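Please keep the sequence and the structure in view while reading.

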Amino acid sequence: TLDAGAGQDSLKGGSGTNTYVLYTNAAGLYDDTIDISAGGHDIVVLGGQEGQLTQAQIDSVAVVGGAAPELWNKPYTRDHTQTEDVATHGASLTITVKDKEASLKQTVNLTIDGATLDAGGAVGEAGKITLSASNVTLTNATITSVAADGITRGDIEITADDSGRDWYNYVQAFGRSQINSAKVTIIDSEIKGGDVEIKAQSSAIHLLPVKDTASFVGDVFLQDLTSSLALDVSYVYARSTATVDIGSANLTDDLKTEIDAETLKVYADSGANGSATPWGIGLDLVVSQAHSEARLTIGEAAITSEGNVELRATGEVEMNIEAEATGVKGVVGAIGIGVMTNKAVAQVEDTASFRVGGDLAMFAQAEDNTRMVVAASTGSSEEKDPADPAGKKMRATTAGSAALGIGVLSESTVVNAYFDGTAVVDGDVTISAEQFQGKVPVERLLLIPSS
């Protein structure tokens with residue numbers, strides 16, 4: 001990595017991967033020269049600014065010795081809206097928005113509003129355009145990467161991603177809702193490139209693991225061993241939503257979005273995991289909720305692809321509940337309650353049109369993985385045998401007088417694939433809606449006493 005200051009610098013990399021980090025000068029420009037004659041993989045990171053990426057900034061970077069390098073913005077750390085046109089003259093362009101505080105993992109938004117992002121260059125030169133944030137919105141935008149010959153095209157990748165903001169083994173996790181959401185919204189825009197991929201992916205995970213009497217993690221434990229009641233309460237909640245909306249009827253603008261690609265993939269993938277596997281003494285209550293929704297909608301859009309088109313909405317939910325209690329005194333109870341919903345919907349409305357040179361495939365898929373174990377035991381202990389005057393003999397005794405286990409699990413799964421638009425397809429057409437019932441992997445630690 002070669003790090004330039006705010007002044008005028010000349011940087012030269014080697015034959016490997018080179019990352020050049022540039023900073024704006026007082027005029028807000030990059031007055032630097034990058035020598036890529038060594039033939040490496042060259043990445044130019046445009047740092048030092050949180051405002052709009054401008055054409056003047058890109059033109060202020062002089063590149064000598066080879067083809068255009070990749071241009072990356074130093075990731076914006078707050079919501080960003082791009083309204084200025086940018087052309088990279090054949091260089092790849094990446095615009096990313098990431099959360100500022102890693103500990104908070106906040107949702108961030110990227111909006112391209114009325115701007116043109118063009119990565120096309122001279123004959124045979126077309127860079128890749130990458131846009132990413134938790135939520136990505138294109139409104140009256142043009143995203144294009146086509147060389148001057150009209151033949152060479154660069155790939156385009158638009159990704160909304162809200163995953164990794166999860167709770168494991170934290171005391172703060174009790175009573176906390178883990179809610180993640182990713183969305184791509186495209187209204188009245190034009191996308192033209194090679195392999196075009198538009199995806200929203202979200203994953204919400206909230207876990208409370210097995211614990212022992214020395215370490216109670218992520219729940220509230222109220223216990224008095226001298227009394228007849230001990231209460232252990234565990235609660236988890238995970239909700240994930242992934243949405244791709246291209247000119248649907250739910251949007252206010254009725255103008256068409258146009259997508260022209262060599263191949264097209266549009267994905268909405270969502271996953272939720274709400275699992276709790278504690279054990280308690282006395283009364284153990286475990287409550288878990290896990291909800292996932294993946295929705296892909298294409299409405300006012302005209303889509304042309306030389307090759308294949310794949311549309312996919314997938315949802316996966318995992319819920320593993322173990323409510324296990326052992327007696328101390330009196331009543332022993334274990335209660336497990338689980339609520340799970342999983343929805344995967346892929347829909348092409350009647351205002352959409354497709355011209356596909358290859359195959360057209362649309363999938364809606366949902367996978368449910370659930371497991372519940374409820375066990376209550378009065379347990380046993382030892383006490384001095386009253387028949388032994390010396391008080392040295394022990395006898396087994398029942399710790400509790402009654403044991404009760406109750407388990408309630410509610411599951412709701414919706415899987416739909418609708419194609420109401422018009423399509424002219426040279427290859428095969430597949431439209432499928434599937435539901436799968438999977439298994440929850442179970443791992444247990446077996447303790448074998450040495451004596």
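Eight strands make up an open sheet with parallel pairing, in the order E9-E12-E15-E19-E23-E27-E30-E35. Strand E9 (86-87) and strand E35 (422-425) are the edge strands, each of which pairs on one side only. The model is a predicted one, in which local features need pLDDT of at least 70 and side-chain atom pairs count only at pLDDT 80 or more, while totals for chains, interfaces and linings use all residues. Residues are numbered from 1 along each chain as its sequence is written, and side-chain values use heavy atoms, with hydrogens and water left out.

**The chain as a whole**

- Of the 451 residues in the chain, 45% count as buried. Here buried means under 20% relative accessible area, exposed means over 50%, and partly exposed lies in between, with a 1.4 Å probe and protein chains only.
- The chain has an accessible surface of about 20300 Å², and carbon and sulfur atoms account for 50% of it. Such areas come from the Shrake-Rupley method with a 1.4 Å probe, and for residues only the protein chains shown count as cover.
- Among contacts in the chain with a separation of 6 or more, 77% are between residues 24 or more positions apart; a contact means heavy atoms within 4.5 Å.

**Strand pairing**

- Strands of a sheet pair through backbone hydrogen bonds, in either a parallel or an antiparallel manner. Two strands are taken to pair if DSSP finds at least two bridges between them.
- Ile191 has Ile259 in E23 as its bridge partner.
- Strand E10 (residues 93-96) runs parallel to E13, and four bridges join the two. Ile95 has Leu131 of E13 as its bridge partner.
- E13 also pairs with E16 in the parallel sense, over five bridges. In this pairing, Ser132 stands opposite Thr159 of E16.

**An enclosed strand**

- Strand E13 (residues 129-133) is largely enclosed by the rest of the structure, because five of its five residues are buried.
- In a regular strand, the side chains alternate between the two faces of the sheet.
- Both faces of E13 are covered: Ile129, Leu131 and Ala133 are buried on one side, and Thr130 and Ser132 are buried on the other.

**Salt bridges**

- Side chains of opposite charge can pair when their charged atoms come close. A salt bridge is a side-chain nitrogen of Lys or Arg within 4 Å of a carboxyl oxygen of Asp or Glu.
- Eight salt bridges are found in a search of the whole structure.
- One of them joins the side chains of Asp260 and Arg153 (3.2 Å, N to O). Asp260 lies in strand E23 (residues 257-261) and Arg153 in the loop between strand E15 (142-144) and strand E16 (156-162), so this pair ties together parts that are 107 residues apart in sequence.
- Asp260 is partly exposed, with a relative accessible area of 25%, whereas Arg153 is buried at 16%.
- Another salt bridge joins the side chains of Lys199 and Glu197 (3.0 Å, N to O). Lys199 is buried, with a relative accessible area of 17%.

**The surroundings of Asp269**

- The side chains of Arg312 and Asp269 meet in a salt bridge (2.7 Å, N to O). This pair links distant parts of the chain, with Arg312 in strand E28 (residues 309-326) and Asp269 in strand E24 (residues 263-276), 43 residues apart.
- Asp269 counts as buried, because its relative accessibility is 19%.
- Thr314 is also placed in strand E28, and its side chain makes a polar contact with the side chain of Asp269 (2.5 Å). A polar contact is a pair of N or O atoms within 3.5 Å; within protein, one must be able to donate a hydrogen and the other to accept it, and residues adjacent in sequence count only if both atoms are side-chain atoms.
- Thr314 is buried, with a relative accessible area of 16%. Leaving aside neighbours within four places in sequence, Thr314 is in contact with Ala268, Asp269, Ser270, Ala294, Ala344 and Gln365.
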